[in-house]
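The following note sets out several points for the file on this structure. Please read them with the sequence and the model open.

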Amino acid sequence: MAGGAFVSEGSGGGSYEGGVTGFVIMTCIVAAMGGLLFGYDLGISGGVTSMEEFLSKFFPEVDRQMHNARRETAYCKFDNQLLQLFTSSLYLAALVSSFAASAVTRKYGRKISMFVGGVAFLIGSLFNAFATNVAMLIIGRLLLGVGVGFANQSTPVYLSEMAPAKIRGALNIGFQMAITIGILIANLINYGTSQMARNGWRVSLGLAAVPAVVMVIGSFVLPDTPNSMLERGKYEQAREMLQKIRGADNVDEEFQDLCDACESAKKVEHPWKNIFQEAKYRPALVFCSMIPFFQQFTGINVIMFYAPVLFKTLGFADDASLISAVITGVVNVVSTLVSIYAVDRYGRRLLFLEGGIQMIICQIIVGSLIGAKFGTTGSGTLTPATADWVLAFICIYVAGFAWSWGPLGWLVPSEICPLEVRPAGQAINVSVNMFFTFLIGQFFLTMLCHMKFGLFYFFGGMVLIMTIFIYFLFPETKGVPIEEMGRVWKAHPFWKRYVPDDAVIGGSGETYVKEV
Ligand SMILES: OC[C@H]1O[C@](O)(CO)[C@@H](O)[C@@H]1O
């Protein structure tokens, strides 16, 4: 989803005419709205669910639980299925609607999908802002989920088709960047609205309407992409559009490549059957499903969804909880920038491995600090000094995620799938990601209640497993054009058995440097 539908540039493209035109900039802005909206939704629920007025209105039981001094364990303060459903329902709706969205995007073009996404967002945010009961809240969240499903299916595709090939790789991470900025904006807004005497939560939830409106307007004024026109047989229009967006008359080479790509995509008959049945696609299948699964089991959304609630659980004051969420939000954005810089210089493996080790260490330390103060009973408080340490290590953990599994969770699946299985690979990546995002959203607070500080060790253990997985099974993909991935699998001690010799093209000792 987020960035998941990006098309990696392959080996060609560096020599096409034309560069970054006004059109391209406009498309970037609109596409960024898709990422921002997704991030805003990811980030807004945590702060809202920690707001007193919101809790007492919709979840009085949680409110009571929170104030009940006699309740013996701090770990369970927020354990409530309905409250978690408020957070998680969005991702379930996104999962279901992304299947519809991918069909609509292909059949009717990217703009229609963006329009549907924008409208769903708009109505969803209004439902939330004016909610008078839990049902309205959940319906609103479901609609936002439909928005996420459509917007994140169409905007990355739109963006990658409009952008000149040479900046496509960077844009892939740019979409994750937009997500993190959306999360940060949500954190800041939550902090601001929590200062309001009343209805702050309504403002927080309602402000999602602003980027939604930009997206709806964008879907009217922006042109359709040449690829989408070709897909629907409009050859002449497609060529004219390509000239317009590239700002150049001679676009023959790129146009020819687009036509070729469109033709071969049409010939692909059974991407789903292929990816599941043919042994040579086994590595693609494994990585397209394991990477999003692992990305969510880093535990990142525990922080993104529930940081304010978690900090409150640990005894931080209301303000301090929301400010802490802003701090983790800033770290998330800045560290994602680091990965844009590092990914094509140092490679994916190094980032995965370094980020993984950094996360494991932090999880062990955070778990131990919390365990030392709260034990298994959950009674106690953090001293200000310990609270600072907890926050510091959570920030270092977020940084480790943000320059590794965050962006790579989208980049890697998009660059290892051969064209003939790419739609299926992307759909698997997106849906597995959404499913586990939903699961973490729905069960984290319950898990915290039962596993207590051990929950941090659990996620640490998961990160250890994924780091070992990467170490042994993931070959470096930096600078490898998609069509030559076969060679990389063939050279790998484990994957070579799945890849027949005829699946290996090119790579006669040359080094390929992919531009980003
Ligand atoms: O930046 C953190 C965010 O990034 C994602 O992993 C998407 O790539 C989200 O699930 C998470 O909330």
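1. Apart from neighbours within four places in sequence, Ile303 is in contact (heavy atoms within 4.5 Å) with Leu310, Thr328, Ile394, Tyr397 and Val398. The model is predicted: local features need pLDDT of at least 70, side-chain atom pairs count only at pLDDT 80 or more, and totals for chains, interfaces and linings use all residues. Residues are numbered from 1 along each chain as its sequence is written, and side-chain values use heavy atoms, with hydrogens and water left out.

2. Ile303 also belongs to the largest nonpolar core, which has 140 residues. Such a core is a set of buried Ala, Val, Leu, Ile, Met, Phe, Trp, Tyr and Cys residues joined through side-chain atoms within 4.5 Å; buried means under 20% relative accessible area, exposed over 50%, and partly exposed in between (1.4 Å probe, protein chains only). Together with Ile303, the residues Phe54, Phe59, Phe287, Trp405 and Phe444 touch the most other members. The helix α20 gives the most to this core, with eleven residues. In soluble globular proteins, nonpolar side chains tend to be buried together.

3. The chain has 22 helices and zero strands; these are DSSP runs (helices H or I, at least four residues; strands E, at least two), numbered from the N terminus. Its radius of gyration, taken over C-alpha atoms, is 23 Å, close to the 24 Å that the globule rule (2.2 Å times the number of residues to the power 0.38) gives for 516 residues, so the chain is as compact as a globular protein of that length. The C-alpha trace spans about 75 × 50 × 35 Å along its principal axes.

4. Of the 516 residues in the chain, 59% are buried. Among contacts between residues at least 6 apart in sequence, 81% join residues at least 24 apart.

5. Asn199 has a positive phi, near 60°. Asn199 is found in the loop between α7 (168-193) and α8 (200-206), and it counts as partly exposed because its relative accessibility is 27%. Lys452, also not a glycine, has a positive phi of about 55°. Lys452 is placed in the loop between α20 (422-451) and α21 (454-473); at 21% relative accessibility, Lys452 counts as partly exposed.
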